[in-house]
Amino acid sequence: MNILSEKIAVLGAGSWGTVLANLLTDNGHDVTVWAYLDKDAHELNDQHTNEHYLPGFKLNERLKATSNLKDATDGANLILFVVPTNVVRGVAEQLLPLLKESGNKPVLVSAAKGLEVGTYDRISEILASVIPAENHSGIVVISGPSHAEDTSTKDITTLTAASTNLEAAQYVQKVFMNSYFRLYTNQDVVGVEMGAALKNVIAIGAGALHGLGYGDNTKAALITRGLAEITRLGVTMGADPLTFSGLSGVGDLIVTATSVHSRNWRCGNALGHGEALQDILDNMGQVVEGVSTAKVAHELAQKKGVEMPITDAIYGVLYENKPIRETIVSLMERDSKPEFDY
Ligand SMILES: NC(=O)C1=CN([C@@H]2O[C@H](COP(=O)(O)OP(=O)(O)OC[C@H]3O[C@@H](n4cnc5c(N)ncnc54)[C@H](OP(=O)(O)O)[C@@H]3O)[C@@H](O)[C@H]2O)C=CC1
Ligand SMILES: O=C(CO)COP(=O)(O)O
């Protein structure tokens, strides 16, 4: 049993936000979810369900929800961001005046996985650029192989809590850990966030291979060579290469590139079956982070002069209407090269 009982605000009532808020409530914390829409807050409070994002899941009745950001975050020791990457900045901007007014200095935690279009910022960079250090007690990123659907059934799940502030990471570790949810600390925030964001792009590719009927050799090739280029860009951005053999590297890549729960994998699978991207996104009803991250990664790789052939190929399919089978042939017909560039 967790010995801490913290006041926690979870910003985002999608699938991952709801499962994490429920887990934190089960851990004995006083948790309020901030739902974007009033009707979602009402459903969480009155029915203790979130049927759109987690059909059939019954929530802990102590979990509260509101669509009022001030009510959700007032006095919180920890504020968890679990909204899609493209809205993190806007939500942080709404939070800042509330923190200034109250003088509260919570630990800010990000569970989102993506890179911001236009700025190329990681989530922790967005938070740090909007909320000055005097208004928080550390920024921590949690990431690892963790589908909401599995964690909701208490499947054993492992994550890393990354921060340059080790004390803040250890605090987050204590707040979240229980018998089925285990966190490790890591001080390589760049590596953890780059691994988390870039694996979503490779997962779209893995889904596409499945949709097209490719076998296990091909999928293993994609995952392995995908990890090689994730590591290449990550290290160029300042990451420790070791981080990519950890939970937020190969761990998250494995789960996302092989699971039917993955929204990114499902998007790729539908592309492989010939569906149009816009139709897939319209029907998904949930965020598919890899689509916008493919654009950021493609641009960032060009800017930094990093070779990312698989990411570029996926970008071509998503943004330039390139046919998938021909794109795969072009990847295979590139010049021969050594496996590792030392
Ligand atoms: N799902 C998972 O298993 C995991 C997800 N993640 C990451 O967590 C993040 C959130 O993902 P997930 O929970 O799956 O997302 P979902 O698509 O399930 O939910 C997104 C949530 O964000 C809300 N939202 C949309 N627009 C806004 C806005 N402008 N302001 C505030 N809130 C908004 C949605 O509200 P509404 O319903 O009203 O549109 C919804 O509650 C992503 O970065 C994802 O990569 C990480 C690990 C696991
Ligand atoms: O990050 C995730 C699992 O660790 C979730 O991936 P999807 O967004 O593809 O479902």
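**Close-up 1. Contact of helix α8 with helix α13 in the predicted model.** In this predicted model, A197, L198, N200, V201, A203 and I204 of α8 meet E289, G290, T293, A294 and A297 of α13, where two residues are in contact if their C-beta atoms, placed from the backbone, lie within 7 Å. Helices are DSSP runs of H or I with at least four residues, strands are runs of E with at least two, and both are numbered from the N terminus. The residues of this contact divide into 7 nonpolar, 3 polar and 1 charged, with Ala, Val, Leu, Ile, Met, Phe, Trp, Tyr, Cys and Pro counted as nonpolar, Asp, Glu, Lys and Arg as charged, and the others, Gly among them, as polar. α8 and α13 (residues 289-304) pack at an angle of about 110 degrees, with 8 Å between their axes; the axes are lines fitted to C-alpha atoms, for helices over the stretch in contact, and the angles run from 0 to 180 degrees between N-to-C directions. α8 and α13 are therefore roughly perpendicular to each other, given that angles under 35 degrees count as roughly parallel, over 145 as roughly antiparallel, 65 to 115 as roughly perpendicular and the rest as oblique.

Residues are numbered from 1 along each chain as its sequence is written, while chains are lettered from A and ligands numbered from 1 in the order in which they are written. Because the model is predicted, local features need pLDDT of at least 70 and side-chain atom pairs count only at pLDDT 80 or more, whereas totals for chains, interfaces and linings use all residues.

**Close-up 2. Contact of helix α8 with helix α9.** The axes of α8 and α9 (residues 216-236) lie 9 Å apart at an angle of about 150 degrees, and the two helices are therefore roughly antiparallel to each other. α8 passes α9 in a right-handed crossing; a crossing is left-handed if the near helix is turned anticlockwise from the far one by less than a right angle, and right-handed if clockwise. On the α8 side the contact includes V190, G191, M194 and G195, and on the α9 side it includes T218, K219, L222 and I223. By class, this contact of α8 with α9 has 10 nonpolar, 6 polar and 2 charged residues.

**Close-up 3. Contact of helix α8 with helix α11.** α8 (residues 189-212) and α11 (residues 263-272) pack at an angle of about 40 degrees, and their axes are 6 Å apart, which makes α8 oblique to α11. The crossing of these two helices, α8 and α11, is right-handed. Among the residues that meet here are N200, A203 and I204 in α8, together with N264, W265 and R266 in α11. The contact of α8 with α11 comprises 10 nonpolar, 9 polar and 1 charged residues.

Close-up 4. Of the 26 residues around ligand 1, G14, W16, A112, A148 and Q286 come nearest, a residue being near a molecule or strand if its C-beta atom, placed from the backbone, lies within 6 Å of it. α1 (15-26) and α4 (85-102) each supply at least two residues of this shell, which divides into 14 nonpolar, 9 polar and 3 charged residues. Domain 1 (7-187) and domain 2 (197-332) both give residues to the shell, so ligand 1 lies between them; the domain bounds come from an automatic or database domain assignment.

Close-up 5. S146, T256, S262, R263 and N264 come nearest among the 14 residues around ligand 2. α8, α10 (247-258) and α11 each supply at least two residues of the shell, and the largest share, 3 residues, comes from α10. By class, the shell around ligand 2 has 3 nonpolar, 7 polar and 4 charged residues, and at least three residues are drawn from each of domain 1 and domain 2.

**Close-up 6. Contact between domain 1 and domain 2.** The centres of domain 1 and domain 2, taken over C-alpha atoms, are separated by 26 Å, and their contact takes 23 residues from domain 1 and 23 residues from domain 2. On the side of domain 1 that touches domain 2, the elements giving two or more residues are α4, α6 (148-151), β7 (157-162) and β8 (181-186).
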